[in-house]
2 protein chains.
Amino acid sequence: LFEKDKKFSSCAFGFYDMSTIVVLGAGRSSAALIDYLLAHADAGDWRICVADLQPDLARERIHAHPRAEACLLDMNNESMARELIGRSDVVISLLPPHWHTQVARYCLDLKKHLITASYVSDEMRLLHADALNNNLLFLNECGLDPGIDHMSAMEVISRLTTSGGRIISFESFTGGLIAPSTDPGNPWRYKFTWNPRNVVMAGQGTARYLELGQLKFIPYSQLFRRITRVHVPGIGELEGYANRDSLMYREIYGLHDVNTLLRGTLRYPHFCSAWHVLVQLGVCDDTYEVSCGDLTHAGFVELFLPAGNRPVEERLCRWMGLDPDGYEMERLRWSGFFSAEPVGLERATPARITEHILNKRWALHTEDRDMIVMWHRFRYVRGQQMFELQSSLVVEGRDAAHTAMATTVGLPLGIATRLLLEGRIVQRGVAVPVAEEIYRPVLEELKQYGIIFREEEVML
Amino acid sequence: LFEKDKKFSSCAFGFYDMSTIVVLGAGRSSAALIDYLLAHADAGDWRICVADLQPDLARERIHAHPRAEACLLDMNNESMARELIGRSDVVISLLPPHWHTQVARYCLDLKKHLITASYVSDEMRLLHADALNNNLLFLNECGLDPGIDHMSAMEVISRLTTSGGRIISFESFTGGLIAPSTDPGNPWRYKFTWNPRNVVMAGQGTARYLELGQLKFIPYSQLFRRITRVHVPGIGELEGYANRDSLMYREIYGLHDVNTLLRGTLRYPHFCSAWHVLVQLGVCDDTYEVSCGDLTHAGFVELFLPAGNRPVEERLCRWMGLDPDGYEMERLRWSGFFSAEPVGLERATPARITEHILNKRWALHTEDRDMIVMWHRFRYVRGQQMFELQSSLVVEGRDAAHTAMATTVGLPLGIATRLLLEGRIVQRGVAVPVAEEIYRPVLEELKQYGIIFREEEVML
C-alpha cells in the first residue's frame, strides 16, 4: 500500500489518516531538513515525500526510510505538481524562490499549508487574505537568514521590552564562512557554501538603512567599503556590509523607536576591501557577455584596465591605488586573477566568468567545514541608563555534505513543520516566524543541536 | 488655396507639384533647421509644414513665412499623423527618439522619405530592406553627434585612405559646453544646453572600446576617472570620457585595421573628477524614489554619507578622500550641494533631485552662449612612417535661443533634406551619413555657416 518504489513517477501513499509532508526540492540545503523529518516520522506518524527534478537525488536523501518516498517533480508539469501537493498535509518548498508563488497558489487551491526559507515576495504577500480565509499557514523566511535571525532577534526584543527596555538601535549580521581549521592558506577565509552566483551578484542595487535617525542609501560602488566592524566572542574580528533593505524590519520586529536599524552580511576582515576592488573593476557585471576564446584569468582582468606595457597585476595596483603586498592584492593573487590559466568558458557575462574563476579555489571540498556566524547588537534604554546587548551564534559544519548552512536552514523548517502538524501554531495567513508561538519552541529545540546564542551585555 | 491659418488642425497645402517638407517637432533644437528650410523655400519651391503638440510653438518657429504652415501633431492620433505625413515628400523627425520607428512605419506605408538626427535603433534597422524596396531613404544620425562627427570623420578617413594611408587609431570626442565669455564664475564651464536628464544619466551601463588591439570595458563607477586628455587649438585642455559602445564604428566607418577606437564626450578639465564624486555618492541613481519633504541640498547629500557630527561638506571630503579646497569640492560647492536651500520637490529619484539641484545654476540664461567642440585624432601609417592628424571644430552659439547645439544639429538635417529633394542623394534604405554623396556637400555647405574643421598633422 505504501509504494516506496513506484518508479518515482508520483507519490502514492495509501494511508491518508496519517500526516503527509511533501518536500519540494532535494538540493544541497535539503539534507538536514529531511534527516530531521525522517528522525521524527515514527513519533509523528508522518509520511514524507521528497520530490525533485532528479528523483535519484531525492532517493539518496531518504536513505530508504520506510516512511519516505522519492518522487519526480517537474514544476512545469502542472498536473504533476498538483497531484503531489494534493496528497500532502503540509508542503515545504526548497525550490528556487521564483517557484514559491506558484506552489502557494496550488496550496491555496488544494488547501495545504506551505513552509519556505525564502523571503516573502510581493506576490506571496498578496495571498495573505486568501490563506487566512482558508485557515492556511504560508510560513516563509523560516531558515537561517532569514529565519533564525528573526527568531533570535524577536526573542531578545520581547525579553528587553517586557522588562521595560526601549530599544533604540538594532544591528544584525549573518555570514556563511569557513571554519578556522578549513583551508588555512585561504586568505579570504571564505568558500562557496551557498549559491555561488548570489555571492558574485551580492549587493547590486542600492542598500538602505537607518542610522542615528537618518535614512541612508549606499550605492553598490560604495557597499564594500562601508563596513561595520564586529567582534564575535570566540571568533574575533569580522566585518559586515549592508543588505539591501533594512528598513522593512522596523515593522516586522515592531521596532518603532529605533533610530538605527541595519542588517547585513558578515565576512572575515579584508574580504570586503578586496571584493571592493572586483566591484570597482566591473567584473561582477551580469548585463553583457564577453567572448572568452583563449582568454586567461589575467586577460580577463586586462579587459577592465587601461592598456599599458607593465603586467596586469602591477597596473591594477597603480590604477586602484593598491599596495602590491596589501590585503587586497594578496586575496586577488591567491584566487588566481593574474594567472595565465585559461578561463575555460566559451562566452559568458563578467559575473559568470568571475564566479568560474573564484570557484576554482572556492569550491567546497569533501572535508571542508563551513561556519555560520550570526551577530545582533541591541542598544536600549531602561530607566535613565543605556545598555548594549550583543548576541551571537557560531555553528560549524561537519563536512561538505553536512554544512552548518544546510543544518541551520533545514532544522528551523523541520521544527516549524512539526509544530504545525502538532497543532501548536495557530497563526494563519502569509507569515514570517516572529510570533512567540513559533520562535520560542524553535529556538528551544535548536539548542539540542548546539545552535545556542551567546550574550554579552554592558552599560553604556 | 494655401491655407496657412486653418486653425492648425492639419496641413492643407493646395499645390502638390511643389515639394512639401514636414517637420515633426518644434522644440528647442528645431529653430536652426526651420530657419534653413525657410531660407531655401523659394529657391526650392518648397512648402514647409512644422507640426508640434503645441501648434503655437510651431507657429513661432515659422515667422509667418508665406511658404510655411504650423500644424497640430498628436502622435497618439494615428489618423492625424498619417494625414500629415501623407502630404509630405520628405519628413524630418525631431520627435523624441522612441517615436521614430512609428514615424518610419507611416513613411513606409505612405512612401515618404525620412530624416532624423537620432541613433538608428534596432527597430529602425529592421526596416532597411522595406525602405530599399520602396526606393525610400531613411537617413538617421544626421545632426551633430551623431551627424557631423560621422561626416567629418569619413571625409578624413577617405582622404587618408585614398592617399595610401592605413588608419590604425581613431578617437573622436564631442561636447556641448559653454563659451569662454559665458558665466565666468562657473567652475564647471558647463550648463544644460541639451536634455538635462540625459546629462545626469550619462554613462550608466558599461562603456566598451578598443585600445591597442584589446577590447576594453569601463564600468559606470570608473567612467569619469578614466579620461582622455585632449588639446583643442583655440580652446586649450579638455578631457573626454568614453561613450557607451565605440566598437560599432569599426563597421560603420570601415576602419578594419584600427587597434584603437574610442568615441566619447568632451568636458572642461576637472568636470569629470567632480562628476565622479557624484557617481560614487550614488546621486545619479534613477531606480528608486526618495520622499523629499523639507529636504535641503545638504540633507540630500547626507542621505548618501555615513552618519556623523561634522558638517556634510567636511564628511564628504573625508569619506571620498577629497581636498576641501580642490577642484571637485569647488564645483560641488558652487552647485550648492551643501546649502540649506530646500530641494523643492515632493518625491523623486536621486537622479531627478540631482538634475533639479544642478538646474538651479546650470539652466541656460537668455544671454548665455553655448559652445560645441568636436575633436578627432587619427593615427595612420603611410609607407614606413606613422602620422597623427587632429581635426577639431569649435562653434559658439549666439544666445540661448540660437545655440551652437541647435545650429549644428539643424543645419545638417536641412542641407541633407535639400540634397535629397534636389535628387543629389541616390542612396536608399536605412542609412547614416557616411556616403560621400552626402558628407561632401553637407560639409562644404556647413563652411558657409562657419562650421569649419581645423587640422593639425605631425609625424610620430
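## Ser335 of chain B

In this predicted model, the side chains of Ser335(B) and Trp188(B) form a polar contact at 2.8 Å. Ser335(B) sits in the loop that runs between α15 (327-334) and β14 (347-348) of chain B. Its relative accessibility is 2%, so Ser335(B) counts as buried, the cut-off for that class being under 20%.

Leaving aside residues up to four places away in sequence, Ser335(B) touches Trp188(B), Ile357(B), Leu358(B) and Arg361(B).

## Helix α3 of chain A

Helix α3 of chain A covers residues 55-62, and its buried residues are Pro55(A), Ala58(A), Arg61(A) and Ile62(A). Viewed down the axis of α3(A), these buried residues lie within an arc of 115°, so they line one face of the helix. In general, an α-helix has 3.6 residues a turn, so residues three or four places apart point the same way. The face of α3(A) turned away from the buried side carries Asp56(A) and Glu60(A), both exposed.

The cover over the buried residues of α3(A) includes helix α1 (31-39) and the strands β2 (46-52) and β3 (68-72), which belong to chain A. His63(A) follows α3(A) and has a positive phi, near 45°.

Strand β15 (residues 370-382) and strand β16 (residues 385-396) of chain A are paired in the antiparallel sense, with 12 bridges. Val381(A) has Met386(A) of β16(A) as its bridge partner. The hairpin of β15(A) and β16(A) has 2 residues between the strands, and Gly383(A) in this hairpin adopts a positive phi near 65°.

β16(A) also pairs with strand β18 (residues 454-459) of chain A, again in the antiparallel sense, over 6 bridges. In β18(A), Val458(A) is the residue opposite Glu388(A). β16(A) therefore has pairing partners in both β15(A) and β18(A).

## Cis peptide bonds

Most residues other than glycine have a negative phi, and most peptide bonds are trans. In chain A, Asp145(A) and Pro146(A) are joined by a cis peptide bond, with omega about 15°. Pro146(A) belongs to the loop between β6 (137-139) and α8 (148-162) of chain A.

In chain B, a cis peptide bond links Asp145(B) to Pro146(B), where omega is about 15°. The loop that holds Pro146(B) runs between β6 (137-139) and α8 (148-162) of chain B.

Asn135(A) is not a glycine, yet its phi is positive, about 60°. Asn135(A) is located in the loop between α7 (128-133) and β6 of chain A. With a relative accessible area of 48%, Asn135(A) is partly exposed; residues must be over 50% to be classed as exposed.

Ala64(B) is also not a glycine and has a positive phi of about 55°. The loop between α3 (55-62) and β3 (68-72) of chain B contains Ala64(B). Ala64(B) has a relative accessible area of 55% and is therefore exposed.

How values were computed
Residues numbered from 1 in each chain as written. Chains lettered and ligands numbered in written order. Predicted model: local features only at pLDDT ≥ 70, side-chain atom pairs only at ≥ 80, totals over all residues. Heavy atoms only, no water. Buried < 20%, exposed > 50% of the residue type's maximum accessible area, 1.4 Å probe, protein only. Helix = DSSP H or I, 4+ residues; strand = E, 2+ residues; numbered from the N terminus. Arc of directions from axis to C-beta. Contact = heavy atoms within 4.5 Å. Polar contact = N/O pair within 3.5 Å; in protein donor to acceptor, adjacent residues only side chain to side chain.
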